[in-house]
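Subject: Structure for you to look at

Hi,

Here is the structure I promised to pass on. Could you open it and keep it beside you while you read my notes?

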Amino acid sequence: MATMSPRRLRAAFALLPLSLPLCLTQAFDPLQLVDPLIGSTNGGNVFAGASLPYGLAKAVADVDGENTGGFSTDGSNVTGFSAVHDSGTGGNPSLGNFPLFPQVCPGDDLNACSFRIGDRKVPYVSSSVVAKPGYFGLTLESGIEARMTAAERTAVMQFEFPADTEHPLVLLDLTDLWQSRQNASVNVDPDTGRLTGNGTFLPSFGAGSYVLHYCVDFFGAEVFDSGVWVNNRAGTEPKELFVTRGFNLFFLEAGGFVRFHELSNNTVTARVGMSFMSSAQACRNAEEEVPDPLESFDDLRTTAEDAWREKLGPVSIAAEGISKDLQRSFWSGLYRTMLSPQNYTGENPHWDSGIPYFDSFYCIWDSFRVQHPLLTIIDPKAQAQMVASLLDIYKHEGWLPDCHMSLCNGWTQGGSNADVVLVDAYVKNLTTGIDWDVALEAIVNDAENEPREWSYHGRGGLTSWKALGYIPYLDFDPYGFGTNSRSISRTLEYSYNDFCLATLADGLGRTDLYDKYIARSTNWQNLWRADQESVIHGNNTGFEGFFQPKYLNGTWGFQDPIACSSLAGFCSLTSNPSETFEASIWQYQFILPQSIATLIDLMGGEDAFIKRLDFFHTSGLADISNEPVFLTVYLYHYAGRPSLSSQRLHTYVPSAFNDTNSGLPGNDDSGAMGSFLFFGMIGLFPVAGQNVYLISPPFFEEVNVTSPLTGKTASVRSVGFDPTYQNLHVQNATVNGKPWTKSWISHEFFTEGWTLELVLGDQESGWGTSLEDRPPSWTAS
């Protein structure tokens, strides 16, 4: 493949003007093809409820089954309805604070009501679930129907009770989804039923704690009585309550309640304002965003739909002959990429820099590969604001985060991968509101200075990294503290982080830094053991040369190359950490996007590399539910066989990515799975941190993407397109009418509105096979 330094990655292309686009199918509403329930079971952990793009308020039913995102279609029980969530995450269930729960007390006896989660939970009617962008609804088996929509920081919930219900009750529970509450309060206004208060909670995958405030107002009914409840008893006095966590393992369940009468249309409407600042601000948010909940529910839903149409608007496809299943997967994946990170502007109690502030980067290890590159294309304004937010966090906390949720630092999983997000934005020329000198300073800080607690930001083991050129197995590191593990995966990721740092330094004219860090980007080679074999169930795989852990003294340790794979068992950072994070050495051996040419040589050349890649994908070692596998689908490009990348992708789509409720192979991770699918289906896959997109035949005859920055439309057209996907081989290509022999293209394709035309056939061709036409790969000269 072509070998070059980052200096050459930004080479200009002389191209003809964009030709007029082909006629597409009749205009349609993409929201009709968005299904928020895709991935709502089988570990997808998606948020299936009502939200604006990047909205703080996210309203949905919470269940006692797969509830990481709140709701699941696993048939479990509803325990409440809450207004804040994350989407697609792993770890503990996230947010779901202060859920409301509607019910009717048997015999109209307050103490006959069920208050604790285990007592009050009730199944939902599966056929009643309706999930659309900006709307969620279902019916409980108790006969109560719940409907909800959302503004930026406010959720509106309608609870319709069975006719002739005497005094329906709505309780508020001072808890979150994983019962992390440390303390909390509720105050009940006896006249209006307004519920206000706050609570201190733990982040679901990180350190520290956060305080969240709420303000709940009720409409459409008169207050009958109100009060507080503790465990399984309630009373109309007092009207306020403060609770701590409880005693040892006995979590104290408590909250407030309001009972109603004189309901209009048997319905109580709850307006739920949320804030990280104060209850007063939560109330202001609600009053300003939703001044009239009874009259504006439909308007709020329409506003949300319009907001989502605008965000999906840059993309159009020619879908003739394509199944609705694939179209739903495509549009739903694109939709989920804009649920998080979340816009917390004005809601950061720690500082206010006067710029938009985003949080819920959950986690960057998952999102840097495809989600952030996708936002750079379809919503560059938001992506630039996210980059600025990362730098804002650096300025005030001293480090770029690798994970950040609920205003807390999340656990670092591998390298300092916010570095990659920043550099990816740089090479794609995002500039608005971004100080690139500060960005360089922040990434150099990651590379040079070890924090005392590198478990949640920065890098660990830097003394050894600088002296030895690798992270040692059982490193001696008295300078900072974290989980003393992942020596292989951290070495590989730190190497790519340093490559990205070199790229930024080069662009900013810092030759001294470029030379230093481009050299460090080769450190991964220090853990390559050329004679290491891999044996599976007593059978030698026939492949020789794998990464292995190495001690401080330079002698080799050992980790079975299949350990931490589906063939051997999962490895967790928090329970059974190993020398690779959440994946095997077999998987991590391919995670070197800066130096695939060198890796191919180490593995014995192109044919041996392809044979090893095929074995990886067909033996059960490849876990497509985990983000490090994404790029491996396309690595055939680097060996001069781009057709094999296309064929490999179709082994995963639609088998692992489809439009069913279990249609994701694993955690969506804030839209990472949806982003992988989107890029695969448009035929352009990003190499994060580089100005490179790998070309493959798209799943549609034509795809158009209009840049929100320039207003120009980029098009991918397929000549000889076959909707049965037999023609998966590019025979030749043109860009703006001129021959294009490279198997990759740059970001200018999107911003300058180029037209890429691919002639497809059913046999492999010579397109993209020559060394000079392969994707860039840096090699030491």
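First, some housekeeping. This is a predicted model, in which local features need pLDDT of at least 70 and side-chain atom pairs count only at pLDDT 80 or more, while totals for chains, interfaces and linings use all residues. Residues are numbered from 1 along each chain as its sequence is written, and side-chain values use heavy atoms, with hydrogens and water left out.

Disulfides

Searching the whole structure turns up four disulfides, a disulfide being a pair of cysteine sulfur atoms within 2.5 Å. With the bonded cysteines numbered in sequence order, they pair as 1-2, 3-4, 5-6, 7-8. Here are notes on some of them.

Cys215 is bonded to Cys283, with an S to S distance of 2.1 Å. The torsion about this S-S bond is about 95°, so the disulfide of Cys215 and Cys283 is right-handed. Cys215 sits in strand β13 (residues 210–219) and Cys283 in helix α2 (residues 279–289), so the bond ties together parts that are 68 residues apart in sequence. Helices here are DSSP runs of H or I with at least four residues, strands are runs of E with at least two, and both are numbered from the N terminus. Both cysteines of this pair, Cys215 and Cys283, are buried, where buried means under 20% relative accessible area, exposed over 50%, and partly exposed in between (1.4 Å probe, protein chains only).

Cys363 and Cys403 form another disulfide, at 1.8 Å from S to S. Their link is left-handed, with -60° about the S-S bond. It connects distant parts of the chain, 40 residues apart: Cys363 is in the loop between β23 (358–359) and α5 (364–367), and Cys403 in the loop between α7 (380–397) and β24 (404–405). Cys363 and Cys403 are each buried.

Cys564 and Cys571 are joined as well, with S to S 1.9 Å. Here the S-S bond has -80° about it, and the link of Cys564 and Cys571 is left-handed. Cys564 is buried, as is Cys571.

Cys408 takes part in no disulfide, and its nearest cysteine sulfur, that of Cys403, is 11 Å away. Cys408 is buried, at 4% relative accessible area. For Cys500, the closest cysteine sulfur is in Cys363 at 18 Å, too far for a bond. Cys500 is also buried, with 0% relative accessibility.

A helix pair

Helices α8 (residues 418–427) and α9 (residues 436–448) pack at about 150°, and their axes are 10 Å apart. Axes are lines fitted to C-alpha atoms, for helices over the stretch in contact, and angles run from 0 to 180 degrees between N-to-C directions. On the α8 side, the contact is made by Asp419, Leu422, Val423, Ala425 and Tyr426, and on the α9 side by Trp436, Ala439, Ile443 and Asp446; contact means heavy atoms within 4.5 Å.

A buried threonine

Finally, have a look at Thr632, in the loop between α15 (606–618) and α16 (642–652). Thr632 is buried, with a relative accessible area of 1%. Apart from neighbours within four places in sequence, Thr632 is in contact with Phe590, Ile591, Leu613, Phe616 and His617.

Best wishes
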